[in-house]
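Subject: Handing over the structure

Hi there,

As promised, I'm passing this structure on to you. Have a look below, and after it you'll find my notes.

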Amino acid sequence: MDTNRPAPRLDVIGLVTSDMGASLAFYRLLGLDLPPGAEHAPHVELALPGGARVLWDTEETVRSYDPSWTRPSGGDRVALAFRCADPEQVDAVYETLTAAGHRGHLKPWDAVWGQRYAVVLDPDGAAVSLYADADADAV
């Protein structure tokens, strides 16, 4: 690597979705401030605090520049995790998402590593973790 240049930095987390509207509705329930009408776009970007971005692309958009792309199958390749304010919020967010029809994967539990933890699947089947330190003062 060229030592005269800064190291590359992680800038984007990209998600490919089969249903933009369903995917954005899920992530809105998690508090992401996505613009109204974005569900009709083939590509959506959201800047996160700290400067990184999350991008959503429809499967058709990805195939437009990579015709050999196929939907992944099998286990998760990327994990998204949302920190909650406290253990009670983990339970509440899990309930909100599953009540809205999203599939729960792992119901909230007290993990041996000291967190309240749960996993919900987004509309494309990607695992999204919810967690909070068991000692809410540790956040």
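Predicted model: local features only at pLDDT ≥ 70, side-chain atom pairs only at ≥ 80, totals over all residues.

Going along the sequence, the elements follow the pattern β-α-β-β-α-β-α-β-β-β. The C-alpha trace spans about 45 × 45 × 30 Å along its principal axes.

A few totals for the chain, in case you want them for your own checks. There are 139 residues, and 34% of them are buried. The chain exposes about 8600 Å², with carbon and sulfur atoms supplying 54% of that area. Among contacts with a separation of 6 or more, 47% join residues 24 or more positions apart.

**The nonpolar cores**

Which residues touch the most other members of the largest nonpolar core? They are Tyr27, Leu30, Leu34, Trp56 and Leu130, in a core of 25 residues. Several elements each supply at least two residues of this core: helix 1 (20-29), strand 2 (43-47), strand 3 (53-58), strand 4 (80-83), helix 3 (87-99), strand 6 (115-121) and strand 7 (127-133). There is also a second, separate core of 6 residues, including Ala111, Val119, Ala127 and Tyr131.

Leaving out residues up to four places away in sequence, Tyr27 touches Leu15, Leu32, Leu34, Trp56, Leu80, Phe82, Asp122 and Val128. Two of those partners, Leu34 and Trp56, are also on the list of core residues that touch the most other members.

**The largest pocket**

The largest pocket holds about 570 Å³ of space. Of the 21 residues lining the pocket, Val16, Pro72, Asp124, Gly125 and Ala126 are the closest to its centre. Strand 1 (residues 12-17) gives the largest share of the lining, with 4 residues. By class, the lining is made up of 7 nonpolar, 8 polar and 6 charged residues.

**His102 and Pro123**

His102 sits in the loop between helix 3 and strand 5 (104-110), while Pro123 is in the loop between strand 6 and strand 7. Is His102 buried or exposed? His102 counts as buried because its relative accessible area is 15%, under the 20% cut-off. Pro123, at 31%, is partly exposed.

Not counting residues up to four places away in sequence, His102 touches Phe26, Leu29, Leu97, Val120, Leu121 and Pro123. With the sequence neighbours within four places left aside, Pro123 is in contact with Ala22, Ser23, Phe26 and His102. How far apart are Pro123 and Ser23 in sequence and in space? They are 100 residues apart in sequence, yet their C-alpha atoms are 5.6 Å apart.

Asp91 is found in helix 3, and with a relative accessible area of 30% it is partly exposed. Beyond four places in sequence, Asp91 touches Pro108 and Arg116. Asp91 and Lys107 lie 16 residues apart in sequence, and 8.4 Å separates their C-alpha atoms.

Leu106 belongs to strand 5. Leu106 is partly exposed too, with a relative accessible area of 36%. Residues up to four places away aside, Leu106 touches Tyr94, Ala118 and Val119; Val119 is one of the residues in the second core. For a separation across the model, take Leu106 and Leu24: they are 82 residues apart along the chain, with 22 Å between their C-alpha atoms.

**Pro6**

Last stop is the segment before strand 1, where you will find Pro6. Pro6 is exposed because its relative accessible area is 75%, and the cut-off for that class is over 50%. Pro6 and Gly50 are 44 residues apart in sequence and 18 Å apart in space, C-alpha to C-alpha.

Best wishes

Methods. Residues numbered from 1 in each chain as written. Heavy atoms only, no water. 1 Å grid on protein atoms, 1.4 Å probe; cavity = no way out; pocket = protein on both sides within 12 Å on 5 of 7 lines; lining within 4 Å. Points joined across faces, edges and corners; volume = space filled by probe spheres on them. Nonpolar A, V, L, I, M, F, W, Y, C, P; charged D, E, K, R; others polar. Core = buried A, V, L, I, M, F, W, Y, C linked by side-chain atoms within 4.5 Å. Buried < 20%, exposed > 50% of the residue type's maximum accessible area, 1.4 Å probe, protein only. Contact = heavy atoms within 4.5 Å. Areas by Shrake-Rupley, 256 points an atom, 1.4 Å probe, with all protein chains shown as cover.
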